[in-house]
Amino acid sequence: RFIESRTRVYIGRQQLQDELKAFVAGAEAKPCLVTGPSGSGKSAALAKFCQLSTLNPQPSTTLITHFVGASPRSTGLRDVLRHLCAELKDALKLEDEIRQDTRELCDQFREFLAKVPADGRVVLVIDALNQLDEADNAHSLYWLPGQIPLPVRLIVSCIDDPDRTDQPALAVMRSRQPHEIKVGLLTDDERLGIVREVPFVAAKTLDEQQVRLLLANEATRNPLFLLVALEELRGFGSFEQLNQKIGGLPQTGDTLTAIFQQVIRRLGEDFNAATVKDVLTLLACARIGLSERELQELLSPNRKSEIGDRKSDDLFPILRQLRPYLQSRGPLLDFYHRHLAEATNEEFFQAEASLAPSLSPPAATARERGESEGERVPARAGEGRSAASPGLRGADCVNPRLATHGRLADYFVGCAKG
């Protein structure tokens, strides 16, 4: 389903696809690293490559894919390794039992890769290494072999944002001197193709003048910006409103964060504005997200409250509209695009930072999230985000409001007492 969703509107990028095919057909004993800034279309490009490979399979070639964040249980290192080992076991017709321990899975993964026959070929695609949970030191990539067996072609992707200095997974991959393919901006023809293709999905057609006005905005060379813009434009009916909306799209600065701010404001107009604020700020302050049940209970702690019921009623329509921009960590929902998190901070959190210590959830909540009590180590303020402590974000939550931290703290403590 993820591959289908990412290739529903895919235009151009033929040179990139040709480079990927050439890498697979070649004999380089190194991995292929696909990089690009946020929203540049890395996942879509790899999804298209996998789709084409499935439609045109090569003899003795097995395609194994893992898109981090695409589905529940796709972000934890143990789950990633179990999935990859299971796929390799099936492809190689092995009898080995899939191990449980993460360290043992690392060894088994290497063992399975070494068993790929010389006359065969396995193409292993792992998308979004940067989206892996930080637990188990996953971003150090110790689990991913530095030396790849010749019959295996490894393709991975990782975000490369020039304004971010802390990108550990990217740094490790580049230290291995991979064959790097950089995903660039959209060409004029590609942008026009997307604008013409999306109406079949979104049921909104722009006239020639509106298309010219939209594409005059250089920010539309980023695929994510263009797709979010088209999604927002389809809600405007009149010609005059549509032209005003196009003209009002962000054009300079951090345009991705700015357009997500417009999305947030529009949601506040379409639904209960307080509910929109609550959903986004709660997700922003939770370390690795919240489940739908947790959000529902946080929005309406008093079931007899008419306001609480109204806010809870709006929850699922809001989540449906946010779904393309969220990821699933097991039962938990979290931001997929960091620009949505930054837009939330810009919209709702005060300029001055007011940090609160992180809190790990009680035993009952941890069990529901599939964690053992031994894994729930309270985080210190200033620690990075960690799946081992999914209560609240610490210093990585930009300008959080103390009240939101307190609200989450009260909820988790209440779960423990209840």
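Trainee: Before we look at anything else in this predicted model, is Y325 buried or exposed?

Mentor: Y325 is buried, with a relative accessible area of 8%, and the cut-off to keep in mind is that buried means under 20% relative accessible area. For the chain as a whole, 52% of the 418 residues count as buried.

Trainee: How should I read a pair of aromatic rings, and how many aromatic pairs are counted here?

Mentor: In general, a pair of aromatic rings is described by the distance of the centres and the angle of the planes. In this structure the count comes to one aromatic pair. The partners are F260 and Y325, whose ring centres lie 5.1 Å apart with the planes at 80 degrees, so the pair is edge-to-face, since an angle over 60 degrees counts as edge-to-face.

Trainee: Which parts of the chain does the pair of F260 and Y325 tie together?

Mentor: F260 belongs to helix 12 (residues 255-270), while Y325 sits in the loop between helix 15 (306-322) and strand 7 (326-329), so the pair ties together parts that are 65 residues apart in sequence. F260 counts as buried, at 0% relative accessibility.

Trainee: How many bridges join strand 7 to strand 8, and how many does strand 6 form with strand 8?

Mentor: Strand 7 and strand 8 run antiparallel and are joined by four bridges, with S328 standing opposite L333 of strand 8. Strand 6 pairs with strand 8 (residues 332-335) over two bridges, also in the antiparallel sense, and there S291 stands opposite L332.

Trainee: Which residue takes a positive phi in the hairpin of strand 7 and strand 8?

Mentor: That residue is G330, with a phi near 65 degrees, in a hairpin that has two residues between the strands.

Trainee: Are the faces of strand 7 covered or open?

Mentor: Both faces of strand 7 are covered, with L326 and S328 buried on one side and Q327 and R329 buried on the other.

Note on methods. Residues numbered from 1 in each chain as written. Predicted model: local features only at pLDDT ≥ 70, side-chain atom pairs only at ≥ 80, totals over all residues. Heavy atoms only, no water. Phe/Tyr/Trp six-rings, centres within 6.5 Å; stacked < 30°, edge-to-face > 60°. Buried < 20%, exposed > 50% of the residue type's maximum accessible area, 1.4 Å probe, protein only. Pairing = 2+ DSSP bridges.
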